[in-house]
Amino acid sequence: MRALVLKRYGKSDQVAFADTARPVPKPDEILVQVHAAGMNPIDNMISKGTFKPILRLKLPATLGSDLAGVVSEVGSRVTRFKPGDAVFASIFDLSGTGALAEFALVPENAAALKPANLDFVQAASIPMVGLTSWQALKERAHLKPGQKVFIPAGAGGIGTFAIQLAKYLGAKVGTTTSTGNVDLVRSLGADEVIDYKKQQFENVLRDYDAVLGTTRGDAIEKSLWILKPGSSPSSLVGPPDAAFARARGMNFFMVFLFGLLSRKIIRHARKRGVEYSFLFVRRDGSQLAEIGELLKAGRIRPVIDMVFSFEHAKEALAYLEKGRAKGKVVVQMR
């Protein structure tokens, strides 16, 4: 089968199409014929080696984390799916199997049935941004009706989903975006919209209960100033902390290193009476099924910027890296 493969960490010329063996499912896996693959900024970060200390890929590795497709084969212990089922899943954080291929292996517990009202491209756009938002807002922040959450970069892939989920949970949402995207984020439910070209969010927003850090730089530190004491800022972009390293079963050196990297933000957070944490999304088919019900009911809608053919998957990665996508970028296989 054909796959987009990372040969070595480094420059983009280390990513290329290759003919690889069609995988065979283990007892607890399903083999999915991929119809579409959702792209995420972390796909580019992985190929550069940014997450090399955290993700243990076996190179060469097939790229891509999110997919939607049709079950082709099932392992001997699989009970929830059968050949012919349309599914969607995140296979992020696996050792080398990826979504940018004609077929992909998916653990049974990572998959969910595709919402019938979504096509494969729409469904492939959901898994990582949906699970990240769910785990950040429901599990980590325990967001409640009437509370306020700050979700910067509201027009991005995670932002467009997280705003809608926060509104479903009954929260008020503040976000940042550029002038051209103000109407988009308002249409998704954002209550306080800061045009970052005209204002600094930390000078405007006040008394927030949670922050979902999605942008690099000093935005997570600045966001501490808009939070109430006792709040919980979570960052998707780091710095990773010692608690994360311990949860991943890393050695003492990595626990020490991540503790060192996060020392400054944790110190600032404690001075403000809030608790910083680093969030690393995990695969979860049961959560994805709940998200699927919200999509089926129309409570949340996919927001897609661009769709590329499989032959132009490298161009999709390059476009995504520019950081200008409004919503998600998806590669369509068939």
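Which strands and helices do the buried residues of H1 pack against? In this predicted model, they pack against strand E1 (2-6), strand E2 (15-19), strand E3 (29-39), helix H3 (127-140) and helix H11 (313-321).

Helix H1 spans residues 41-48, and six of its eight residues are buried, so the helix is largely enclosed by the rest of the structure. The buried residues are Ile42, Asp43, Asn44, Met45, Ile46 and Ser47. Just after H1, Gly49 adopts a positive phi of about 95°.

The loop between H1 and strand E4 (61-62) contains Pro60. The peptide bond that joins Leu59 and Pro60 is cis, with omega about 0°.

## Cavities

The model contains four cavities of 30 Å³ or more. The largest cavity has a volume of about 120 Å³. It is lined by 13 residues, and those closest to its centre are Ile46, Leu57, Thr62, Gly64 and Ser65. Ile46 is also one of the buried residues of H1. By residue class, the lining of the largest cavity consists of seven nonpolar, four polar and two charged residues.

## The six-stranded sheet

Six strands form an open sheet with parallel pairing, in the order E11-E10-E9-E12-E13-E14. The edge strands are E11 (192-195) and E14 (277-278), each of which pairs on one side only. In general, the strands of a sheet pair through backbone hydrogen bonds.

Strands E13 and E14 run parallel and are joined by two bridges. Ser234 stands opposite Ser277 in E14.

## Leu227 in strand E13

Leu227 belongs to strand E13, which covers residues 227-235. Its relative accessibility is 5%, which is under the 20% limit, so Leu227 counts as buried. Leaving aside neighbours within four places in sequence, Leu227 is in contact with Tyr208, Asp209, Ala210, Val211, Pro233, Arg272 and Val274.

Asp207 provides an example of residues separated along the chain but brought together in space. Leu227 and Asp207 are 20 residues apart in sequence, while their C-alpha atoms are 5.3 Å apart.

## The second largest pocket

The second largest pocket holds about 460 Å³ of space. Its lining comprises 25 residues, of which Asp241, Ala243, Phe244, Ser277 and Phe278 lie nearest the centre. Helix H7 (242-247), helix H9 (263-271) and E14 are the elements that give two or more residues to this lining. The lining divides into 11 nonpolar, three polar and 11 charged residues.

Where do His142 and Ala153 lie? His142 is in the loop between H3 and E9, and Ala153 is in the loop between E9 and H4. Each is a residue other than glycine with a positive phi, near 50° for His142 and near 55° for Ala153.

Are these residues buried or partly exposed? His142 has a relative accessibility of 47% and therefore counts as partly exposed. Ala153, with a relative accessible area of 29%, is partly exposed as well.

Technical notes. Residues numbered from 1 in each chain as written. Predicted model: local features only at pLDDT ≥ 70, side-chain atom pairs only at ≥ 80, totals over all residues. Heavy atoms only, no water. Helix = DSSP H or I, 4+ residues; strand = E, 2+ residues; numbered from the N terminus. Buried < 20%, exposed > 50% of the residue type's maximum accessible area, 1.4 Å probe, protein only. Contact = heavy atoms within 4.5 Å. Pairing = 2+ DSSP bridges. 1 Å grid on protein atoms, 1.4 Å probe; cavity = no way out; pocket = protein on both sides within 12 Å on 5 of 7 lines; lining within 4 Å. Points joined across faces, edges and corners; volume = space filled by probe spheres on them. Nonpolar A, V, L, I, M, F, W, Y, C, P; charged D, E, K, R; others polar.
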